[in-house]
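Take a look at the sequence and the model before reading on.

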Amino acid sequence: MVFNTGAALLDAIVLAVVSGEEEGTYGYKITQDVRQAIDVSESTLYPVLRRLQKDGCLTTYDVQFDGRNRRYYKTTEKGMVQLKLYKSEWQSYAGKITKIFEGGSER
């Protein structure tokens, strides 16, 4: 993708991906799902997950898988509120950009 991805957009995408899994999801799967929208490395994604957890938007729990722990991330109530705000902001932003691309102007 030729457009830069800011931290807020990455947070929004991660929250949307995690919220789509009722029981939560694990880091590798989150990375694969996020990569459907933007190119992101695991080294970029894990700090985002930690920050969202620190901010109270995600919670974690571990599950044994093939003899080791797999960390799962789950969206909290606060995370769902934040995701709703991101979705609202995105709709407004995308609408303005689309209008400009289609030859209109925002006044």
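Predicted model: local features only at pLDDT ≥ 70, side-chain atom pairs only at ≥ 80, totals over all residues.

Residues are numbered from 1 along each chain as its sequence is written, and side-chain values use heavy atoms, with hydrogens and water left out.

**Asp11**
- Asp11 sits in helix α1, residues 7-19. Helices (H or I, at least four residues) and strands (E, at least two) are DSSP runs, numbered from the N terminus.
- Asp11 has 8% relative accessibility, so it counts as buried. Buried means under 20% relative accessible area, exposed means over 50%, and partly exposed lies in between (1.4 Å probe, protein chains only).
- Leaving out residues up to four places away in sequence, Asp11 touches Val48, Arg51, Leu52 and Tyr86. Contact means heavy atoms within 4.5 Å.

**Helix α4**
- Helix α4 has 25 residues, 77-101. At 1.5 Å a residue it should span 36 Å, and its end C-alpha atoms are 36 Å apart, which agrees. The expected span is 1.5 Å times one less than the number of residues.
- Gly79, Leu83 and Tyr86 are the buried residues of α4. Their cover includes α1 and β3 (68-75).

**Salt bridges**
- A salt bridge is a side-chain nitrogen of Lys or Arg within 4 Å of a carboxyl oxygen of Asp or Glu. The count by this rule is four.
- Asp11 pairs with Arg51, and their closest N and O atoms are 2.4 Å apart. Asp11 lies in helix α1 and Arg51 in helix α3 (residues 42-54), so the pair ties together parts that are 40 residues apart in sequence. Asp11 is buried, whereas Arg51 is partly exposed, with a relative accessible area of 32%.
- Glu21 forms a salt bridge with Lys29, with the closest N and O atoms 3.6 Å apart. Glu21 is partly exposed at 32%, and Lys29 is partly exposed at 28%.
- Glu21 and Lys29 also belong to a network of salt bridges that links them with Asp33.
- Asp62 bridges to Arg71, where the closest N and O atoms are 2.9 Å apart. Asp62 is partly exposed at 38% relative accessibility, and Arg71 is partly exposed at 41%.
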